[in-house]
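Please open the model in a viewer with side chains displayed.

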Amino acid sequence: MFLLRHKLLATALFLTLPLCAVTQTKPASSAAKPSAATTDKIDINTATADQLKAFPGIGDAYAKRIIDGRPFTAKNQLLTRGILPEATYNKIKDQIIASHPKK
């Protein structure tokens, strides 16, 4: 009897845990914000020098080179154009995007 009660309790807990995780709601203010994917990354075509300098390995000189090299059609152009060394690019590549410039 104890084993059956234990299995039923374990099954009930197993089935309700995912339900609890799904029913959690987001704050109402997050509905008006852009998706996390767009807010986490900085666009190298529009970022200010201060925003660029916030990245590891980017100082005044590299920020100026990025700004002077605009527009970029892909973020890897920081490497192919010789704007950044590979080690520095690898530190920031997951935190940046390069939006296509408007014509």
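Begin by selecting D68 and K64, whose side chains meet in a salt bridge with an N to O distance of 2.7 Å. The term salt bridge denotes here a side-chain nitrogen of Lys or Arg within 4 Å of a carboxyl oxygen of Asp or Glu. The model is a predicted one, in which local features need pLDDT of at least 70, side-chain atom pairs count only at pLDDT 80 or more, and totals for chains, interfaces and linings use all residues. Residues are numbered from 1 along each chain as its sequence is written, and side-chain values use heavy atoms, with hydrogens and water left out.

Next, colour helix α4, residues 60-68, in which D68 and K64 are four residues apart, a separation of about one helical turn. Helices are DSSP runs (H or I, at least four residues), numbered from the N terminus. Are these two side chains buried or exposed? D68 is exposed, with a relative accessible area of 52%, and K64 likewise counts as exposed at 51%. Under the cut-offs applied, buried means under 20% relative accessible area, exposed over 50%, and partly exposed in between (1.4 Å probe, protein chains only).

A network comes next: salt bridges that share partners join D50, K53 and D60. Select K53, which pairs with D60 at 2.8 Å between the closest N and O atoms. K53 also forms a salt bridge with D50, where the closest N and O atoms are 3.6 Å apart. In general, side chains of opposite charge can pair when their charged atoms come close.

Which helix holds both K53 and D50? Both lie in helix α3, residues 49-53, three residues apart, or about one turn of the helix. K53 is partly exposed, with a relative accessible area of 31%. D50 counts as exposed at 58% relative accessibility, and D60 is exposed with a relative accessible area of 55%. Under the rule stated above, the salt bridges number three.

For the last stop, move to helix α6, residues 86-92, and select A87 within it. A87 counts as exposed, at 53% relative accessibility.

Technical notes:
Helices (H or I, at least four residues) and strands (E, at least two) are DSSP runs, numbered from the N terminus.
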